[in-house]
Structure formats: C-alpha cells, structure tokens
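Dear colleague,

Please find below the structure that I am handing over to you. My notes on what was found in it follow directly after.

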Amino acid sequence: MKLSPRLPALLLAALVVTACAPQTSDNSSSDEDEKTGTLRVWLFQEVGNQPKEKVVDSVVAAFEKAHKDTEVDVEYIPIETRAQRVKAAFNDPKSAPDVMEYGNTDTAGYVKDGGLLDVTKEFGDWSEAKDTDPTAKQSVTVDGKVYGAPLYVGVRALYYRTDVFEELGLEVPKTMAELASTAREIRAAKPDLYGLVVGGAYTYGAMPFIWANGGELATGKGGSYASAIDSAAAQKGIKAYTSLFGDDNCPAAKCAGMGGNDTITAFAAGKAGMAIGGDFSHTAVEAGKVKGKYAVVPLPGVESGSIAPAFAGGNNIGVLKSTSHRTLAVQLMEQLASKETQSSLFDAMGFLPTFADVRQQVAAEEPYVKPFAQTLSAGTKFVPASPAWAQIDSSLVLPTMFQEVISGKKDVAGAAEGAATKMNDAFGSAG
C-alpha cells in the first residue's frame, strides 16, 4: 500500500462529523473547553522517525484547516525517558500536552495517577470504534471506562529458516511439543545454530507458553488482582518454556540473559533455525543475513492446529485530564487514531492497525502481515489492568523467575511461588 492521496480530504470529512462531539465533561480537571488556540501533542520518537512525521503532518494540516485559529504543536519524545516526562506533566498541568501517545501497558498506572481523561462517551459515539480489535480496546479500558484510543497493535509469531527446514527435511511445527522437538533436531544437525533461540529475559516471548497451557498471569480486575503465576497450569507453561534452555537447543550460559531484541538479532544474523518475533521485527530480519530464506507462521499452541495466545502489545493515544481544549483534543485523538491514519502509519512504519477491517486490507496487500493477523484473530492476551504491572515489569519479576529455573537455583514450583509473592505484594501496594 502507498500513502493515500485521499488522506487529507477524508480526514476533513471525518472532522466535520466529529465536530459535533460532546463539549465538556465533569471528569476534566480543567473547567475550560477552549475552541481555539494551540494544542500540544507528544508522540514517541521512533527509529527512522521521518515517515511517521510525514503521516502526522498530514493529519495536523487537515485538522488545522478544519478548525480556524487552531494550531497543533507536535513534539517527538524519546521512549526511554517517557516515564519522567509524563510524571512531570501529570504533576504540572501547565507543562503538559493536550494529547499524547503512550504504551498500552501504561494505561492503568496513568489512570491511577489521574493523568488521563475519561473518554468513554466519545469513544462509544465514534463511528469507527466498533471495528476496534477487542484486545486493543481492553488496553485503553480500566474498570469499564475508556481512557484513549488504540493506535497500533503488535504481536509475535514464529520465524523459521526455510533453507534449514528444506535441507533437513523438517515440517513446520504444529504443536508446542513439535516446536521443542524440531528445535532439538536443528541443534543436533547443526550445532552452530540455536534450534529455537529463546531468552530468559524475554517476558513477552515466554507468555504464550503460559497462556497456551491454560495458565494466567493474574486473576481479578480493577484494584483486586491476585497472582496466578504459581497455578498448576501456569507452572506447566513455565516448565515448557524453561526446558528450551540447554545445550540441546539454546545453552543457558548464552541464552539465559537474552531479551527479545537479542533473540531477533541472533535470528537475523543467521544464528538460529527459529525465533519468536513480532511484526515489528520484520524490518530487522529483512535487513539481516536471512533475507529471502525465512518464513513466518503463528506460534503453535498445545493442540495440533491451534495458535498460542500472544501478548497484544502496542501504543495508544490519549487526552490528558488537564487539557483546556477538551473537545478539540478528543477530536484530534480520534483523527490520529483513525482508520485512514492507521493505514498510512502501516505504510510508513509497518505498525499493525487496531481496526480488524483495516488489518485485513493490509494483510491482503502485504503477505508478511498474514500470520500476525491470524494470531490476532485467534485471540490475544493482555497484562493485568493494574498500576502494579509497571512495578512488576520494571522489577523483572518474571525474568527472575525464569532465570531461577534455568540456572537450577529453584525448581519451577519454588520459582513460581516466589514470583507470585512479589506480584501480590505489588498488587497490594497498588491499592
């Protein structure tokens, strides 16, 4: 797909419709709803950001043309320092943007901090919202209220070397058991390769093994979550994943400390027969030594023909509660997250759309999207919608658990019990 020449016109048409959006709401910390002036926007600075800027510039130009005496000031902020910037914005509304991009696992924490505006009514009235992927909608929802619009979604699938599989006469694995045995066959035949490259610090690559075996990270909702990582089903998934760390597949000495980027780097460099990577890994793999010698299929589940549930990552667009331009800010949020914009962002950056119909369209035109679209259609999972998740994630609770098992420091039950205790402490402190 190419950037649509109809984008500005379509955006203008949509803007005329959304101009009738609700005006004010009592959940805004600002009593003002100015209809002119400057809207400040924070978006993430990507690697190779210029194509993203081009798409955003088109949205901004259309928005400014449709709203007299309104300007949009876009600033691209580093992802690595977003936590400090956002915290400062929440504490000092005068320095805060009106609209911002944020990671979907940050939603619950930002809501708890009182930074995001409740846009439940506007999202419900937005005609395009009905086509939003259910898991993507879940990522902007806390306690039944909506605090933004999904911008793009990312999932992981199984990358494999077609040349290696052909040479060794291997079939593409259809179950997790076959995945493990195939990985060991590759390693045995080609000791210079990892069979399936895995990482002890690769949380989102490990989660499908837990979910596919019927486990959950936690149970509950809102302020009442409890860890489920030590359940029998979750332990079965932990055992399945950690069993892949060994000299017969991915030696612990080299793989225990690997994260997701490390595993994709190894695969792209031709050092592995298989890897679990995202749609967002496509560009890196294409730029590597395996270009033209790999394919991608959904990660298989426990039962033959099933697809393992994947973590639905991605980013959202939200309005800050402190905005003095509520109506304009919500309209701009909807335009930045619209079907036209998401389609253009896919063309420009490879971001997978959160709208099912738009995703089907891009999958038809770009074959590499198909296995990721299939994975999304099969059903994805998300992390607990609790502000505690940020603490659990940043304190490496799950990687520590995996590494304790891999190193032999603890058995699966002991490591899972320790992780559950840490998770429950975090859930409890989150209130």
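Two strands are taken as paired if DSSP finds at least two bridges between them. Helices (H or I, at least four residues) and strands (E, at least two) are DSSP runs, numbered from the N terminus. The model is a predicted one, in which local features need pLDDT of at least 70 and side-chain atom pairs count only at pLDDT 80 or more, while totals for chains, interfaces and linings use all residues. Residues are numbered from 1 along each chain as its sequence is written, and side-chain values use heavy atoms, with hydrogens and water left out.

The five-stranded sheet

Strand β6 is joined to strand β13 (residues 313-319) by five bridges, and the two run antiparallel. Within this pair, Val153 has Gly314 of β13 as its bridge partner. Both strands belong to an open sheet of five strands in the order β2-β1-β3-β13-β6, whose pairing is mixed. Since β2 (70-78) and β6 (149-154) stand at the edges with a single partner strand each, one side of each is left without a neighbour in the sheet. From one strand to the next, the twist averages 20°; angles run from 0 to 180 degrees between N-to-C directions, and axes are lines fitted to C-alpha atoms, for helices over the stretch in contact.

The four-stranded sheet

Another open sheet has four strands in the order β8-β11-β7-β12, again with mixed pairing. Its edge strands, β8 (194-197) and β12 (294-297), each pair on one side only. Here too the twist averages 20° from one strand to the next. Strand β8 runs parallel to β11 (residues 272-278), and three bridges join them; Leu196 has Met274 as its bridge partner in β11. Helix α12 (residues 260-268) packs on this sheet, touching β7 (156-161), β8, β11 and β12, and its direction makes about 135° with that of β11. Contact means heavy atoms within 4.5 Å.

A helix crossing

The axes of helix α10 (residues 232-242) and helix α20 (residues 412-430) come within 10 Å and cross at roughly 115°. Gln235, Ile238 and Lys239 of α10 make the contact with Val412, Ala413 and Ala416 of α20. By class, these residues are four nonpolar, one polar and one charged (Ala, Val, Leu, Ile, Met, Phe, Trp, Tyr, Cys and Pro count as nonpolar, Asp, Glu, Lys and Arg as charged, and the others, Gly among them, as polar).

Pockets and cavities

On a 1 Å grid over the protein atoms alone, a cavity is a set of points where a 1.4 Å probe fits but cannot get out, and a pocket is an open set with protein on both sides within 12 Å along at least five of seven lines; lining residues have an atom within 4 Å of a point. Grid points are joined across faces, edges and corners, and a volume is the space filled by probe spheres set on the points.

The second largest pocket has a volume of about 360 Å³. It is lined by 18 residues, of which Asp106, Gly109, Tyr110, Asp113 and Ala390 are the closest to its centre. Two or more lining residues come from each of α3 (82-91), α4 (107-112) and α18 (388-394), and α3 gives the most, with six. The lining comprises seven nonpolar, five polar and six charged residues.

The structure also holds three cavities of 30 Å³ or more, and the largest cavity has a volume of about 60 Å³. Among its 14 lining residues, Asn104, Thr107, Ala108, Phe382 and Ala385 lie nearest its centre. Helix α4 and strand β4 (141-142) each supply at least two residues of this lining, which divides into seven nonpolar, seven polar and no charged residues.

With kind regards
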